[in-house]
Protein chains: 2
Amino acid sequence: MPECIFCSIIRGKKPATKVYEDDEVAVIMDIKPITAGHMLVIPKVHRELLTEMDDDSIKAVFSAAKKVGNALKKSKLRCRGINYLLADGAEAGQEVFHAHLHVIPRYRGDGFWLNMPSDYEKEMKPGELEKNAGKIRAAMGK
Amino acid sequence: MPECIFCSIIRGKKPATKVYEDDEVAVIMDIKPITAGHMLVIPKVHRELLTEMDDDSIKAVFSAAKKVGNALKKSKLRCRGINYLLADGAEAGQEVFHAHLHVIPRYRGDGFWLNMPSDYEKEMKPGELEKNAGKIRAAMGK
């Protein structure tokens, strides 16, 4: 089985453009940036999904994201806003199965946005929301 | 100045469908869900942006997201993957200016996805990545 590409990068066996690193995470430039400055925050311990990460590792990832997000805003790159995006699972668009957080600089006219389902603008009725919430609550702690 | 809608919900002054709550966060159903089960994780302390939140509050938000994400996957709602999305700033799509994390259930054919800029598929040259990384590094700690 070939080694996970992000694990290889973390061990220095594959090249990447690093922006930041500490004991828990590495932040690298995405080689196919959505906008210039698009970074990936990668936990050093291999976990496929956010839901498999422990809370301290989660904290490390999002604290690092905050750090590089702040830097982005103060940098000379175009950045008027930031999207932080994590995809858990292929159906959510995950392509590398080592959890990672996208940090994406945004500005007016950057050509990036969300394509919504056709029935999106509809507000859901409270009864229906409550029904769905009930299904999630019922599964908590399972 | 009208009170922030999320602060009103947290204080119980405005209705919302709550899924989970602890000392630091509330998780409510999005009234305009992208897919059924779409939730918002809201820190109780009012901060506009992720970059203004302290690290413990960030940890609380993403730990709660993990909790409800796990429940989503075990629930009877359709959920084969999850997107976690946070928008910092109007240019990033933020509509309520109290930081919040979207937890969005995903499944094949759900009609939701990212609309990429027209030049997206192009890999950036290492030299160019390094130039951008340098700009971000230069702004770290500023």
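**Tour: from B:Ala36 out to chain A**

Start by selecting B:Ala36, which is partly exposed, with a relative accessible area of 31%. Keep in mind while touring that the model is predicted.

Stay in chain B and show its secondary structure. Strand E2 covers 25-29 and strand E3 covers 39-43, and B:Ala36 sits in the loop that joins them.

Next, display what surrounds this residue. Which residues does B:Ala36 contact, once neighbours within four places in sequence are set aside? Two belong to chain B, B:Leu77 and B:Pro105, and two belong to chain A, A:Met124 and A:Asn132.

For a distance check, pick the C-alpha atoms of B:Ala36 and B:Ala64. The separation is 19 Å, and along the chain the two residues are 28 positions apart.

Chain A has 3 helices and 6 strands. Followed from the N terminus, they come in the order α-β-β-β-α-β-β-β-α. The C-alpha trace of chain A spans about 50 × 40 × 25 Å along its principal axes.

Of the 142 residues in chain A, 55% are buried. Among contacts with a separation of 6 or more, 52% are between residues 24 or more positions apart.

Finally, colour chain A by charge. There are 23 positive and 20 negative charges, and their mean positions lie 6 Å apart.

Definitions and conventions. Residues are numbered from 1 along each chain as its sequence is written. Chains are lettered from A and ligands numbered from 1 in the order in which they are written. This is a predicted model: local features need pLDDT of at least 70, side-chain atom pairs count only at pLDDT 80 or more; totals for chains, interfaces and linings use all residues. Side-chain values use heavy atoms; hydrogens and water are left out. Helices (H or I, at least four residues) and strands (E, at least two) are DSSP runs, numbered from the N terminus. Buried means under 20% relative accessible area, exposed over 50%, partly exposed in between (1.4 Å probe, protein chains only). Contact means heavy atoms within 4.5 Å. Lys and Arg count as positive and Asp and Glu as negative; His and the chain ends are not counted. The place of a charge is taken as NZ of Lys, CZ of Arg, CG of Asp or CD of Glu.
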